[in-house]
Amino acid sequence: MPIALNRRGASLPLTIIVLAIMAVAVAVSYARLSSERRTTADTQAQTDAFAVAQSGLNRFLSNLNGKPAAAGPWPVTATYNDLPGGTARVDMVQIRDSTTSLLPAVYVITSRGTATGAKRYDSRSPAAERTVGTYALWTPAPFDLNAAFTSLSGIDKNGGSGSLNGNDACAAAATIPGAAVPNGTYTGAMGPIDGNPDNTPSYLGTSGVGGTAKDEVDIDWAGIRAGSTLPQDFLYPAWPTAAQFNDWPVIRVNGDVDLPSDGKGILIVTGNLTLGGSKRWDGLVLVGGTLTSNGNNTIEGAIITGLNIKVGMAVGQTAIGNGTKTFQYSSCNLMRALGHVGSVQRVRNGWTDTWSSY
């Protein structure tokens, strides 16, 4: 049998030496396998946490209902404990609010995902976490506008004072028609019409329930009447305070109303609207029936009347009497009003991984 010498010169069987070498090799292999297992488990946990974070971000964006108030409080936070594989905390912070120059509101949204469902290497290993983030813009709801003043039942303008003005009040968008009506349904003075075309309305097509003009006004009036489109923030007789008007709310009136006060936002009236005194509205006004204007009134944004024709109801001609009545297109006011019911859109190339969470 081959032998080897130990440090004192004594001989050792070669078998013992081989076994010692094999033991060292096993120990090294075990250590390597253990390290690889830890690395693999960590990679899998990080992947799971990433999936949870992304799921939380997507859930937040799909659940966001209405533009957050500019004054905050910030951040707007949501926690989701029922995501597949874990939980996520999402924080939304405003960087810039919408501006009068039509610049949209800008936000940063972060989502920190915790992979509670992932198998940890041992009890001492913390649950994996991963944070993703994105820049986002608040995009106003799209709206098809025919003129500063559109009436599906026609307009009768008594006297030449005031204006139906399609020039943008904030000079940020192209000029549109001052008035739009079905064929042959504009009567009275045309001089107050200012826009493109000038001193004449834009004609939409044949009038009435069976006519073609109603199809040129691309508004889901049936959905608005049902409350499924443009859901209200206030249902009359509830009425916003001066501070609440700063959020440009959606206000709904079922039936007829005499406008209670000046305001801004989106005003929905399923019946007839009366403007008295020197009332002013900034934003969008949608009226199912007719408009009666008594006094020196101003609507800066856009107004559409006679919309009940779209749902098969007959509506009489809107008559605008004497007085300094200003109905003027304003893209800025429309953006603010429609922005309240817009949506958050991610900025292209604005997404990142491993963002610091709040």
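Guide: A salt bridge is a side-chain nitrogen of Lys or Arg within 4 Å of a carboxyl oxygen of Asp or Glu. The model discussed here is predicted: local features need pLDDT of at least 70, side-chain atom pairs count only at pLDDT 80 or more, and totals for chains, interfaces and linings use all residues. Residues are numbered from 1 along each chain as its sequence is written, and side-chain values use heavy atoms, with hydrogens and water left out.

Visitor: How many salt bridges does a search of the whole structure find?

Guide: The search finds five salt bridges. One of them joins arginine 59 and aspartate 82 through their side chains, at 3.4 Å from N to O. Aspartate 82 lies in strand E3 (residues 76–83) and arginine 59 in helix H1 (residues 14–63), so the pair ties together parts that are 23 residues apart in sequence. Here helices (H or I, at least four residues) and strands (E, at least two) are DSSP runs, numbered from the N terminus.

Visitor: Which residue forms a salt bridge with arginine 130?

Guide: The partner of arginine 130 is aspartate 353, and their closest N and O atoms are 2.6 Å apart. This pair links distant parts of the chain, with arginine 130 in strand E6 (residues 129–139) and aspartate 353 in strand E24 (residues 343–353), 223 residues apart.

Visitor: Is aspartate 282 buried or exposed?

Guide: The terms rest on relative accessible area: buried means under 20%, exposed over 50%, and partly exposed in between (1.4 Å probe, protein chains only). Aspartate 282 is buried, at 14%, whereas arginine 280 is partly exposed, at 32%. These two residues form a salt bridge with closest N and O atoms 3.0 Å apart, and a network of salt bridges links Arg280, Asp282 and Glu300.

Visitor: Which cysteines does a disulfide join?

Guide: A disulfide is a covalent bond between the sulfur atoms of two cysteines. The criterion applied is a pair of cysteine sulfur atoms within 2.5 Å, and the count comes to one disulfide. Cysteine 170 and cysteine 332 are the pair, with an S to S distance of 2.2 Å. The torsion about their S-S bond is about 100°, so the disulfide is right-handed. Cysteine 170 lies in the loop between strand E9 (163–165) and strand E10 (179–181) and cysteine 332 in helix H5 (residues 331–339), so the bond ties together parts that are 162 residues apart in sequence.

Visitor: What is the relative accessible area of cysteine 332?

Guide: Cysteine 332 has a value of 4% and is buried, while cysteine 170 is partly exposed at 27%.
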